[in-house]
Amino acid sequence: MSSSSGSMEEEKKYIASHELKQHNKPGDLWISAQGKVYDVSDWVKAPGWGYSSPEFCWSRYFEVSEVSRDYRRLYSEFAKLGLFDKKGHVAMYALACVVFLFCIVVYGVLWCQSLWAHMGSAALLGLLWIQSAYVGHDSGHYQVMLSPRFNKLAQLISGNCLTGISIAWWKWTHNAHHLACNSLDYDPDIQHLPVFAVSSRIFNSVRSYFYGRKMNFDPLSRFLVSYQHLTFYPVMCVARVNLFLQTFMLLFSTRKVPDRALNIMGILVFWTWFPLLVSCLPDWPERVMFVLTSFAVTSLQHIQFCLNHFSANVYLGPPSGNDWFEKQTSGTLDISCSSWMDWLYGGLQFQLEHHLFPRLPRCQLRRVSPLVRDLCKKHNLPYRSLSFWDANVSTIRTLRTAALQARDMAKPVPKNLVWEAVHTHG
């Protein structure tokens, strides 16, 4: 045994930390994870980052901070307890709920004549989209079905076919969001010019490394941002339109998209049944009201996503080395609620817990929340959990602060410097 072990040790290749740092460019990107080094140069090119790369050498020098060490220990404890494998029956209940809601919606539109029945069906359709999105989200982070093939099918049905939003687009943006949470230039989930700006730093027209272009703070952006605290909720009511556009822009772009044909087929399914359903309503005013009502109900989910991050701290650049844990805690906000509301939030009210342990099934997030809170307290890191109302107030306050700055650009430097000194972000 000892000689075999010794020969295996001799076969390992090692790399020093200064060598690792040289491979930090597009097309030549290496990462170190738990002492092992991976070449992810090709892996990161794919939307969704769904390709695995072979391990090819070991890192001889890898320094781990105390908070990272405690985080890894907590992760290991969760794994030993089997929490990553104990998914409960959440996916089954959610899918059953989606099917049930879909049947009611179809019945309400086709066999009911009342305007109120039609508007009620629209509201239920919005709720269906919310629950279906949670199924897509769960199946994207971990396997909710019995096999990878059925898991992919669940993604395509819950995402593309039922909501009209491509799972490929979601993977493309969502993985970047998890890696660089609340980075102004790397996180697409807070890059919303010309409509919204969560920090005055964006007024400097920073470059979006995700989209590969500069986010110009032009006169149109200044005007729209100046009133963003007033337009936030109306925009959220029609935010789905933007997601539809983003889906089409990706699927019909020149980018490499995994399962492009399947994603397009799923989108065609949505744009077949949804227009047909709406066309069954008696007249155009009612059809418009139906669509707007369904969008307005779904806006609750869009608002929730914004509440989790808009009023948290932001920073420029990617997270580096051992500060990933700190960046997640500073850029994330939880929503406190009773356990019976977990189905409505989809587990994402425990946003920090989800960001730290993205493969953890949502039914386990409430259980691990006290442990995450204790870890943050031990290392003097923020753990913010607000009620839904207080989170809305905090978000609107953040938007209003940036809006007032955008209105007064005559002397931007002194004003911005003072504001940034008092309200340090990042």
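Which residues of helix α8 (residues 219-226) are buried? I began my notebook with that. The model is predicted, and I kept this in mind throughout.

**Entry 1: helix α8**

I looked up the buried residues of α8 and found Ser221, Val225 and Ser226. Next I looked down the axis of α8. Its buried residues fall within an arc of 130 degrees, so they line one face of the helix. An α-helix has 3.6 residues a turn, so residues three or four places apart point the same way.

Then I checked the face of α8 turned away from the buried side. Pro219 and Leu220 are there, and they are exposed. What do the buried residues of α8 pack against? I found α9 (228-237) and α17 (388-407).

**Entry 2: α10 against α12**

I moved to helix α10 (residues 239-251) and helix α12 (residues 284-307). They pack at an angle of about 80 degrees. Their axes are 9 Å apart. Angles of 65 to 115 degrees count as roughly perpendicular. The two helices α10 and α12 are therefore roughly perpendicular to each other.

Which residues meet here, in α10 and in α12? From α10 I listed Ala239, Arg240, Val241, Leu243 and Phe244. From α12 I listed Phe295, Thr298 and His302. I sorted the contact of α10 with α12 by class: five nonpolar, two polar and one charged.

**Entry 3: α5 against α12**

Helix α12 came up again, this time with helix α5 (residues 115-141). The axes of α5 and α12 come within 8 Å. They cross at roughly 35 degrees. Is the crossing of α5 and α12 left-handed or right-handed? I noted right-handed. The contact of α5 with α12 holds 15 nonpolar residues, eight polar and one charged.

**Entry 4: Phe350 and Ser369**

I picked Phe350 next. It lies in the loop between α14 (342-345) and α15 (351-356). Phe350 is buried, with a relative accessible area of 9%. Leaving aside neighbours within four places in sequence, I found Phe350 in contact with Asp334, Asp342, Leu365, Arg366 and Ser369. I also checked Ser336. Phe350 and Ser336 are 14 residues apart in sequence, and their C-alpha atoms are 8.0 Å apart in space.

Is Ser369 buried or exposed? Ser369 is buried, because its relative accessible area is 7% and the cut-off for buried is under 20%. Not counting residues up to four places away in sequence, Ser369 touches Phe350, Glu353 and Tyr383.

I ended with the backbone. Most residues other than glycine have a negative phi, and most peptide bonds are trans.

- The peptide bond from Leu193 to Pro194 is cis, with omega near 10 degrees. I found Pro194 in the loop between α7 (167-179) and β6 (207-208).
- Asn182 has a positive phi, near 70 degrees. Asn182 also belongs to the loop between α7 and β6. Asn182 is buried, at a relative accessible area of 0%.
- Asn380 has a positive phi, near 60 degrees. I located Asn380 in the loop between α16 and β9 (385-386). Asn380 counts as exposed, because its relative accessibility is 70% and the cut-off for exposed is over 50%.

How values were computed: Residues numbered from 1 in each chain as written. Predicted model: local features only at pLDDT ≥ 70, side-chain atom pairs only at ≥ 80, totals over all residues. Heavy atoms only, no water. Axes fitted to C-alpha atoms, helices over the stretch in contact; angles between N-to-C directions. Helix = DSSP H or I, 4+ residues; strand = E, 2+ residues; numbered from the N terminus. Parallel < 35°, antiparallel > 145°, perpendicular 65-115°, else oblique. Contact = heavy atoms within 4.5 Å. Nonpolar A, V, L, I, M, F, W, Y, C, P; charged D, E, K, R; others polar. Buried < 20%, exposed > 50% of the residue type's maximum accessible area, 1.4 Å probe, protein only. Arc of directions from axis to C-beta. Left-handed = near helix turned anticlockwise from the far one by under 90°.
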